[in-house]
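Hi there,

Here is the structure I promised to pass on to you. Have a look at it first, and then read on for what I found in it.

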Amino acid sequence: MSKNIVILTGAGVSAESGLGTFRDAGGVWTKYDLNDVATPEGFARNPGRVHDFYNARRVNARKARANAAHAALARLEVEHQGQVLIVTQNVDNLHERAGSKAVWHMHGELFRALCAACEARWDAPDQMHLDDECPECRAKATRPDVVWFGEIPYRMDEIYERVLDADLFVSIGTSGSVYPAAGFVEIANGAGAHTMELNLEPSETATAFAESRLGKATEVVPNWVDEVLADTN
Ligand code: APR
C-alpha cells in the first residue's frame, strides 16, 4: 500500500485543457525563444516583451478549464488514506481549480506577481505592464512570479524531504528535460519508493521509472487513481 504519494506534474497534464506544452510539435518553445521570455537576461533586455508573453499565457490559463486528470488527482487527495502532494512545474492554477489543496509550484505561478526590487508578492492582475508600481515599495520593477531558467526553483529543500519520504513517486505529463525536477525520480528510487511515469510518450528519464503507462493524461490518470483508491481503501 502506498501511504505517502508525491506526484510531479508538467505541461502534459494541462495539454488537454488547451494549454500548450513546451517541447511537443507546435509547443511554446517552437514559437518563442526562451532566452527572450524565460530568463532574467531576457527580462532585462526587453521587459515589455516578457510581460506580453505572460499576459497572453495568463489570459489563456484563465479561460482554460481543469480536465479529468486534474480532477482525478484532486479526488485522490480527498479519498486516499495517506499523504498526497502535487509538486508541479506548471504555472497555471488548474490543479487548484480542480480542488487540489497540497500543490507546490516549484516554477512559480502565472497568477502571482513579484517585485524585482523588494521581493514583495501579490496576486497578479490579468495584464501586467512595464510601468506598474510595486504595491509595497512603489518601484516600477514588477515581474511575473515565475521561475526563469537560471533561477532557483521554489521550495526545493521541502520537496527533496517529501520525495525522500515518499512510498510512491509518480511523474505525469513531463518530458523530463529540465532539472532539478527531472532528477526527482532518481532520488525516489534511491529512497526505495516505487516510481511510475504516466505520459503520452516515454520521457527523457523513462528508463529510471520502475513502471510506466503511456497515454493521454485524461485517460491514464483517472484509471491509475481508481486503482490506487481500490487498493488502499
Ligand atoms: N497527456 C499526457 N502527457 C502529455 C500530453 C497528454 N495529453 N500531451 C503531451 N504530453 C507530454 C509530452 O509527451 C511531453 O513528455 O507532456 C510532456 C511535456 O513536456 P514539455 O513540453 O517539455 O513540458 P514540461 O516537461 O512541463 O517542461 C518542464 O520546462 O520550459 C520549462 O519551466 C518550463 O515547467 C516547464 C519545464
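How do the residues of the shell around the ligand divide into nonpolar, polar and charged? Eight are nonpolar, 11 are polar and five are charged. Before going further, please keep in mind that this is a predicted model.

**The ligand and its surroundings**

The ligand has 24 residues around it, and the closest are Phe22, Arg23, Trp29, Thr174 and Ser175.

For asparagine 199, a side-chain N or O atom is 2.9 Å from a ligand oxygen.

Next, please find strand 7, residues 168-172. Is this strand mostly covered or mostly open? It is mostly covered, with five of its five residues buried. In a regular strand, side chains alternate between the two faces of the sheet. In strand 7, Leu168, Val170 and Ile172 are on one side, Phe169 and Ser171 are on the other, and all of them are buried.

Strand 7 also has partners to trace. Strand 1, residues 5-9, pairs with strand 7 in the parallel sense over five bridges. Within this pairing, leucine 8 stands opposite serine 171. Strand 8, residues 194-199, runs parallel to strand 7 too, and five bridges join them. Here valine 170 stands opposite methionine 196. Asparagine 199, already mentioned for its side-chain contact with the ligand, is the residue at which strand 8 ends.

**Some backbone details in the loops**

The loop between strand 7 and helix 8 (184-190) holds proline 180.

Two arginines have positive phi values. Arginine 138, in the loop between strand 5 (121-123) and strand 6 (142-146), has a positive phi of about 70° although it is not a glycine. Its relative accessibility is 51%, so arginine 138 counts as exposed, the cut-off being over 50%. Arginine 155 sits in the loop between strand 6 and helix 7 (156-164), and its phi is near 60°, again positive in a residue other than glycine. Arginine 155 counts as partly exposed because its relative accessibility is 37%.

Finally, take a look at leucine 200, in the loop between strand 8 and strand 9 (211-214). Is leucine 200 buried or exposed? Its relative accessibility is 59%, so it counts as exposed. From leucine 200 to alanine 230 there are 30 residues in sequence and 24 Å in space, C-alpha to C-alpha.

Enjoy exploring it, and write back with any questions.

Best wishes

Methods
Residues numbered from 1 in each chain as written. Predicted model: local features only at pLDDT ≥ 70, side-chain atom pairs only at ≥ 80, totals over all residues. Heavy atoms only, no water. Near = heavy atom within 4 Å. Polar contact = N/O pair within 3.5 Å; in protein donor to acceptor, adjacent residues only side chain to side chain. Nonpolar A, V, L, I, M, F, W, Y, C, P; charged D, E, K, R; others polar. Buried < 20%, exposed > 50% of the residue type's maximum accessible area, 1.4 Å probe, protein only. Helix = DSSP H or I, 4+ residues; strand = E, 2+ residues; numbered from the N terminus. Pairing = 2+ DSSP bridges.
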